[in-house]
Amino acid sequence: DMIKHVVLFQLKDDVDAAEKQQVMEAFKTGILALPEKISCIRHIEVGFNANAKESYDVALYSEFDSLADVQAYAVHPDHVAVAQIIIPYVKNRACTDYEI
């Protein structure tokens, strides 16, 4: 069994495009550095929305061995620090954790 952790972020409308892109790139760079620091991450990726008809800007997809590992990742100081890059810009966040 494994847990897939999927998070979508919609950024605030009043952030200009250049700043939005900068924040998204900094967040992606930070997230992709996390597997070296947080051993329970089995896989992680970040993508930016390419479809102008959709309202969410950033997708984070990751895999863990268990929900306990997802929860440990969530509170890990290195993850919390990276989250601070995007949190001030977030209008909406959606998340699901599912088992396969």
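Axes here are lines fitted to C-alpha atoms, for helices over the stretch in contact, and their angles run from 0 to 180 degrees between N-to-C directions. The model shown is predicted.

**View 1. Helix 1 packs against helix 3.** Two packed helices are described by the angle between their axes and the distance between the axes. In this model, the axes of helix 1 and helix 3 come within 8 Å and cross at roughly 170 degrees. Angles over 145 degrees count as roughly antiparallel, so helix 1 is roughly antiparallel to helix 3. Which residues of helix 1 and helix 3 meet? Helix 1 brings Val23, Ala26, Phe27, Gly30 and Ile31. Helix 3 brings Val82, Ile85 and Ile86. By class, this contact has seven nonpolar residues, one polar and no charged.

**View 2. The largest nonpolar core has 22 residues.** Five members touch the most others: Phe27, Ile31, Leu60, Tyr73 and Ile86. Two or more residues come from each of these elements: strand 1 (3-11), helix 1 (17-32), strand 2 (43-48), strand 3 (58-64), helix 2 (67-75) and helix 3 (77-86).

**View 3. Leu60 and its contacts.** Neighbours within four places in sequence are left aside.

**View 4. Ser62 sits in strand 3.** Is Ser62 buried or exposed? Its relative accessibility is 0%, so Ser62 counts as buried. Leaving aside neighbours within four places in sequence, Ser62 is in contact with Ile3, Lys4, His5, His43 and Ile44.

How values were computed: Residues are numbered from 1 along each chain as its sequence is written. This is a predicted model: local features need pLDDT of at least 70, side-chain atom pairs count only at pLDDT 80 or more; totals for chains, interfaces and linings use all residues. Side-chain values use heavy atoms; hydrogens and water are left out. A nonpolar core is a set of buried Ala, Val, Leu, Ile, Met, Phe, Trp, Tyr and Cys residues joined through side-chain atoms within 4.5 Å. Buried means under 20% relative accessible area, exposed over 50%, partly exposed in between (1.4 Å probe, protein chains only). Helices (H or I, at least four residues) and strands (E, at least two) are DSSP runs, numbered from the N terminus. Contact means heavy atoms within 4.5 Å. Angles under 35 degrees count as roughly parallel, over 145 as roughly antiparallel, 65 to 115 as roughly perpendicular and the rest as oblique. Ala, Val, Leu, Ile, Met, Phe, Trp, Tyr, Cys and Pro count as nonpolar, Asp, Glu, Lys and Arg as charged, and the others, Gly among them, as polar.
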